[in-house]
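Visitor: I would like to learn how to read a structure like this one. Please go through it with me.

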Amino acid sequence: MKYLVHMEVDIPRDLPAEERSAVIAREKEYSQQLQRDGRWPEIWRVVGEYANYSVFDVGSHDELHELLQGLPLFPYMTIDVTPLAAHPSDIKA
Ligand SMILES: O=C(O)CC1=CCC(=O)O1
């Protein structure tokens, strides 16, 4: 099942710089592991914003929920999820 996910990041300004760098590094590692195993096939920066659009390819709503809750930046994010279905005009389908 595929999902379009919008993540907007808002890290509090008073978070110490070291903690900020550490959480961003953990986020990158977590994300790249999911990209490698195929569950996070697309990630795109939104131009001019600390936000991304991502595509997740997972087995269930519950699995996606667990993955999103596990994001190191989860406490600092606003997340919107759109479930995707096949389009009848898609020539790949
Ligand atoms: O920078 C972002 O958009 C938040 C994020 C998600 C995965 C990652 O590495 O950073």
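Visitor: Leaving aside its neighbours within four places in sequence, which residues is S54 in contact with?

Guide: Contact means heavy atoms within 4.5 Å. With neighbours within four places left out, S54 is in contact with Y3, L4, V5, M7, W40, E42 and I43. A caution on the source: this is a predicted model, where local features need pLDDT of at least 70 and side-chain atom pairs count only at pLDDT 80 or more, while totals for chains, interfaces and linings use all residues. Residues are numbered from 1 along each chain as its sequence is written, and side-chain values use heavy atoms, with hydrogens and water left out.

Visitor: In which strand is the place of S54?

Guide: Helices (H or I, at least four residues) and strands (E, at least two) are DSSP runs, numbered from the N terminus. S54 is in strand β3, residues 51–57. The chain has two helices and four strands, in the order β-α-β-β-α-β from the N terminus on.

Visitor: Does S54 count as buried or exposed?

Guide: Buried means under 20% relative accessible area, exposed over 50%, and partly exposed in between (1.4 Å probe, protein chains only). S54 counts as buried because its relative accessibility is 1%. D14, in the loop between β1 (2–9) and α1 (17–36), counts as exposed because its value is 68%. Of the 93 residues of the chain, 28% count as buried.

Visitor: Which side chain does a polar contact of 2.7 Å join to that of S54?

Guide: A polar contact is a pair of N or O atoms within 3.5 Å; within protein, one must be able to donate a hydrogen and the other to accept it, and residues adjacent in sequence count only if both atoms are side-chain atoms. Here the partner of S54 is the side chain of N52. The side chain of N52 also has an N or O atom 2.8 Å from an oxygen atom of the ligand.

Visitor: Which residues surround the ligand?

Guide: A residue is near a molecule if one of its heavy atoms lies within 4 Å of it. The residues around the ligand are V9, E27, K28, S31, W40, I43, R45, Y50, N52 and M77. A polar side-chain atom of R45 lies 2.7 Å from an oxygen atom of the ligand.

Visitor: Which element gives the most to the shell around the ligand?

Guide: That is α1, with three residues.
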